[in-house]
Amino acid sequence: MRLYTRQEVLAVDELLEELLQELLAIMENNLDTYMPGFTHLQKAQPVTLAHHLGAYLEMFKRDRLRMQDIYRRMNYCPLGSGALAGTTYDLDRYYTAELLGFSGPTLNSMDGVSDRDYLIEFLSALSTVMMHLSRFCEEVIIWNSNEYQFVEIDDAYSTGSSIMPQKKNPDIAELVRGKTGRVYGALISLLTTMKGIPLAYNKDMQEDKELAFDAMDTVKGCLALFTGMLSTMKFNKDKMESSAKNGFTNATDAADYLVNHGVPFRDAHGIVGQIVLYCIDKNIAIDDMSLEELKAISPVFEEDIFEAVSMETCVEKRLTIGAPGQQAMRNVIAQQKEYMAGDWKKEIPDWEAGLLK
């Protein structure tokens, strides 16, 4: 089981790497694709598609780091533990561990036969992967809706309705979201099985197999399909930018403009609130107001307000590391590429090399 799980960890890591590469490519091509950023599922401040997807890149990068940690922690060989008390035969456990590509032998034979921590850790990490995929899928489903129209999902990853010909349903995104609970179930099942088992081996432990195998296959399938869906997805950039403008995501920047011209923030907050109500009544964006209309609400506004609240300015002036401004994003992408260029698997002992010695 340890040998099998070890290979599954590497397989999931490879699929995560492919997803990260796809995310990185989309980010590079969308540094100036403006869209609304959300809190409470309400439009808050303007960001870019690159910045939004960069959040998921961080999540999946942490998932890869967990695979790395799990592999290193589990890569010790229980061979030679016997039933529970080792063996009287003169075995070289260090050599057998080396031949099988392990970092060394387990140091307690009772733990060697009854340890399932490595599998619990892996199922926990797989559950986290699925949670991240499910969050992403939820956004894809929302973005695909008629109300947003941010994305167009390729026909290979969606289907039409059985009776409504105008619909294009985000099937893969919904299926991945739905299968998340299945993986959670495998983790909870194994934790529950192990919670009352005394040392050393007990037959209950054979329950570590069926649900674990299913969870591993489920995650690998979901990662492969999600990456395929993402790579073929079209982003409607004009819709995204229009949504950011009409959602008053630049309202905070309008308030900042007033503050920089000597207006106390409390008053600026109220002034911009009046502007938003005026725009809602007229069914326009702040950018669409004339200077005369703005001055009627506050005489502090001047011609430079339009540049100050443009999507480009709102995003580009946020230049601290981790912010959506282009230069900040370019710095982050460079760091991500450096990370992707590394290969932690080069440190793994080569079992084939061991056999050749």
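This is a predicted model: local features need pLDDT of at least 70, side-chain atom pairs count only at pLDDT 80 or more; totals for chains, interfaces and linings use all residues.
1. Setting aside neighbours within four places in sequence, Leu 133 touches Leu 19, Phe 60, Val 176, Cys 222, Leu 223 and Phe 226. Contact here means heavy atoms within 4.5 Å. Local features need pLDDT of at least 70, side-chain atom pairs count only at pLDDT 80 or more, and totals for chains, interfaces and linings use all residues; side-chain values use heavy atoms, without hydrogens and water, and residues are numbered from 1 along each chain as its sequence is written.

2. Leu 133 and Phe 235 touch the most other members of the largest nonpolar core, which has 72 residues. Such a core is a set of buried Ala, Val, Leu, Ile, Met, Phe, Trp, Tyr and Cys residues joined through side-chain atoms within 4.5 Å. Buried is under 20% relative accessible area, exposed is over 50%, and partly exposed is in between (1.4 Å probe, protein chains only). At least two residues of this core come from each of H1 (2–28), H2 (49–74), H5 (117–144), H6 (171–194), H7 (210–232) and H14 (326–341). H5 gives the largest share, 16 residues. Helices (H or I, at least four residues) and strands (E, at least two) are DSSP runs, numbered from the N terminus.

3. Now H14. Its 16 residues should span 22 Å at 1.5 Å a residue, and the end C-alpha atoms are 22 Å apart, so the two agree. The expected span is 1.5 Å times one less than the number of residues. Buried in H14 are Ala 328, Met 329, Val 332, Ile 333, Gln 336 and Met 340. These lie on the same side of H14 because they cover an arc of only 130 degrees around the axis. The arc is taken from the directions from the helix axis to the C-beta atoms. Glu 338 and Ala 341 are exposed on the other side. H1 and H2 are among what covers the buried residues.

4. Strands E1 (residues 34–39) and E2 (residues 42–48) run antiparallel, joined by six bridges. Pairing requires at least two DSSP bridges. Pro 36 faces Pro 46 of E2. The two strands form a hairpin with two residues between them, and His 40 in the turn has a positive phi of about 55 degrees.

5. Is Ala 285 buried or exposed? Ala 285 is in the loop between H10 (265–282) and H11 (291–297). It counts as buried, at 2% relative accessibility. Its contacts beyond four places in sequence are Lys 245, Asn 246, Phe 248 and Cys 279.
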